[in-house]
Amino acid sequence: MSPVILQRPSLGAPAVAWLLSLPALAIFVGVVMVPLAMTVLLSFYDWGQYKGIEPVLILKNWREVLTDPYFREMFTRTFRIALLVTLITALLGAPEAYILNRMRSPWRGIFLLVILGPLLISVVARTLGWALLFGGNSGVINKALMNAGLIEAPLPFMFTETGVVVALSHVLLPFMVLAVWAALQRIDVQVENAATSLGADHLTVLRRIVLPQAMPGVLSGAIIVFALAASAFATPAIIGGRRLKVAATLAYDEFLNTLNWPLGAAVAVLLLVALVVVTLGCNALIERRYAEAFR
Amino acid sequence: MSRNGPLAIAFHTIIVAFMLAPIIVVCLVAFTPEGYLSLPSREFSLRWFRAIARYPEFVSAFWTSLWLGALSSALALLVAVPAALAIARYRFRGRDVLAGLFLSPLMIPHVVLGVAFLRFFTQIGLGGGFAGLLLAHLVIVCPFALRLTLASATGMDRAIEQAAISLGASDWAVFRRITLPLIAPGMVSGWALAFIQSFDEVTMTVFVAAPGIETLPVRMFLHIQDNIDPLVTSVSACVIAVTVVGLICLDRLYGLDRLLVGQGQR
């Protein structure tokens, strides 16, 4: 049997591939690339209370976003929250992934479902849960802490950064567990056994064998969590309220309340650029450091 | 393999409690017999579940979400399957760029996509309509459909197709009788994951959804912004119930960790 019959090429392979990709390509260029380009353009337009949007190319919005202390404070808060959430999820998620990985079936499957499942439950519903738990003086958490005698007066969680950080950590923890879990799957158990047989105690095995191999997972999880935390919308909007603004809620306000679209576009584009720079930069660092782990 | 020590078990218990607490609280409060937010202490009542029917905006938002999720996921499969086959089996110039482009919505913050879609749809006259909403959701769920289809298309044994061709099957017959059944599990899981993503999406949708075609999460979000009452907890409890059922099915069908690993790329 000749290979010509097997492949029956009527068109060249690249032509077929492009033809198959054409519908997806058309949609992604038309509905992702073009709107993004239009948004970048929009961020240079002028806007006035009475004249509306004026299509002239000026730097007014960018100057305002980059120099006004109000925006600086808001972006600092956004990245401070994102950094804290990243740290907390790493400290909680990495050990949890390790513990999950050491469980036997059926517990492993059950708890994996319990920990990762919330990822697919609506963010609004999960954040509502935190709003109920925090809920001012009557909130469940404050009641429990006061009953236990740990605190005298109720702690403020609603409308504070603390509350936003706690709720966001809950929302994003599964991503960290998932990333570390994926890295742990690649570890050869025999290496741990070898270390133990050579006389290493449990802590030494954890520190010298498991942690270095899990680290790429922790770092890639950290990048994901940071990017999602910095651009989170529903959780800061519900827990933080109208006054504790972050980048995403500010863009929302400019677009749907103030109607200053060019300024909102500048905020959104700046957030996108900042995240792309941070993500690509960290990825490059990690890949250089752990080149062999990504092969 | 050694077992987890008591310290590890304690840590694990705290994490599980942390993950479940807000979800359980929502479901408990939904059953309150009182007219205000409270944990049901005397009895469980369905009062607030019955109340949902009196709020047509929630009911219509639910149907919008359902249709939007089903349609956008189906359309996503329609464009993702050929693209996945192209990427899985041909080595051509621009292949990596294409793959990167198709997965890009995972890496762009949804708030940025929301802003971009709002501007775009208003400019081209699709603002505030279901068509715009559908296109927007198609774009954000497509990467999920693509990734799972791609995974099953890559793992496929090409020899079976070649056997069919050598036995005289036409291109269409090979696709329908061999390729399609082999990638079907990936397509079904891809559709389901895409559906859940669409059903839950709020950040991007809140920019695009006009009054009248709000999705359920958007309706819930806007309601919570005004006031938190037992009604929104009973609606949330329903959403949680739907998701949990879907989740367990997906776990059985595909394996949750396999489904979600790589979600990471966003």
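This tour moves through a predicted model, from chain B as a whole to the interface with chain A and then to selected sites in chain A.

**The model and chain B**

Begin with the confidence scores: the predicted model has ipTM 0.90 and pTM 0.90. Colour chain B by pLDDT; its mean is 89, and 97% of its residues reach 70 or more.

The chain contains 12 helices and 0 strands, and its pattern along the sequence is accordingly written α-α-α-α-α-α-α-α-α-α-α-α. Of the 266 residues in chain B, 45% are buried. Among the contacts of chain B that join residues at least 6 apart in sequence, 76% link residues at least 24 apart.

**The two domains of chain B**

Next, colour residues 1-45 of chain B as domain 1 and residues 57-265 as domain 2. Their C-alpha centres are 30 Å apart. Where the two domains touch, domain 1 of chain B supplies 7 residues and domain 2 of chain B supplies 8. On the domain 1 side of this contact, 6 residues are nonpolar, 1 is polar and none is charged.

**The interface with chain A**

Now display both chains and select the residues at their contact. Chain B contributes 73 residues and chain A contributes 75. Which helix gives the most to the chain B side? Select residues 6-29: this is helix 1 of chain B, which gives the most, with 14 residues. Colouring the chain B side by residue class gives 55 nonpolar, 12 polar and 6 charged residues.

**A helix pair in chain B**

Return to chain B and select helix 7 (residues 158-166) together with helix 8 (residues 171-200). In general, a packed pair is described by the angle between the helix axes and the distance between them. Here the angle is about 150° and the axes are 10 Å apart. The crossing of helix 7 with helix 8 in chain B is right-handed. Show side chains for B:Ile160, B:Glu161, B:Ala164 and B:Ile165 on helix 7, and for B:Val174, B:Ile178 and B:Thr179 on helix 8; these residues make the contact. By class, the contact comprises 5 nonpolar, 1 polar and 1 charged residues.

**A helix pair in chain A**

Move to chain A and select helix 9 (189-197) with helix 10 (residues 202-230). These two helices of chain A pack at about 145°, with their axes 10 Å apart, and their crossing is right-handed. From helix 9 of chain A, display A:Val191, A:Glu192, A:Ala195 and A:Thr196; they meet A:Val205, A:Ile209 and A:Val210 of helix 10. The residues of this contact divide into 5 nonpolar, 1 polar and 1 charged.

Is A:Arg186 buried or exposed? A:Arg186 is exposed, because 11 other C-beta atoms lie within 10 Å and the limit for an exposed residue is 12 or fewer. Draw a distance from A:Arg186 to A:Gly52: the C-alpha atoms are 56 Å apart, and the residues are 134 apart in sequence.

**Backbone features in chain A**

The last stops concern the backbone. Most residues other than glycine have a negative phi, and most peptide bonds are trans.

- Select A:Ser105 and A:Pro106: the peptide bond between them is cis, with omega near 5°. A:Pro106 belongs to the loop between helix 4 (69-102) and helix 5 (107-116) of chain A.
- Select A:Phe159, where phi is positive, near 60°. This residue is in the loop between helix 7 (140-147) and helix 8 of chain A. A:Phe159 is partly exposed, with 15 other C-beta atoms within 10 Å.
- Select A:Leu259, where phi is also positive, near 65°. Its loop joins helix 12 (247-258) and helix 13 (261-289) of chain A. A:Leu259 is partly exposed, with 14 other C-beta atoms within 10 Å.

How values were computed: Residues are numbered from 1 along each chain as its sequence is written. Chains are lettered from A and ligands numbered from 1 in the order in which they are written. This is a predicted model: local features need pLDDT of at least 70, side-chain atom pairs count only at pLDDT 80 or more; totals for chains, interfaces and linings use all residues. Helices (H or I, at least four residues) and strands (E, at least two) are DSSP runs, numbered from the N terminus. A residue is buried if 20 or more other C-beta atoms lie within 10 Å of its own, exposed if 12 or fewer, and partly exposed in between; C-beta atoms are placed from the backbone. Ala, Val, Leu, Ile, Met, Phe, Trp, Tyr, Cys and Pro count as nonpolar, Asp, Glu, Lys and Arg as charged, and the others, Gly among them, as polar. pLDDT is the predictor's confidence in each residue, from 0 to 100. Axes are lines fitted to C-alpha atoms, for helices over the stretch in contact, and angles run from 0 to 180 degrees between N-to-C directions. A crossing is left-handed if the near helix is turned anticlockwise from the far one by less than a right angle, and right-handed if clockwise. Domain bounds come from an automatic or database domain assignment.
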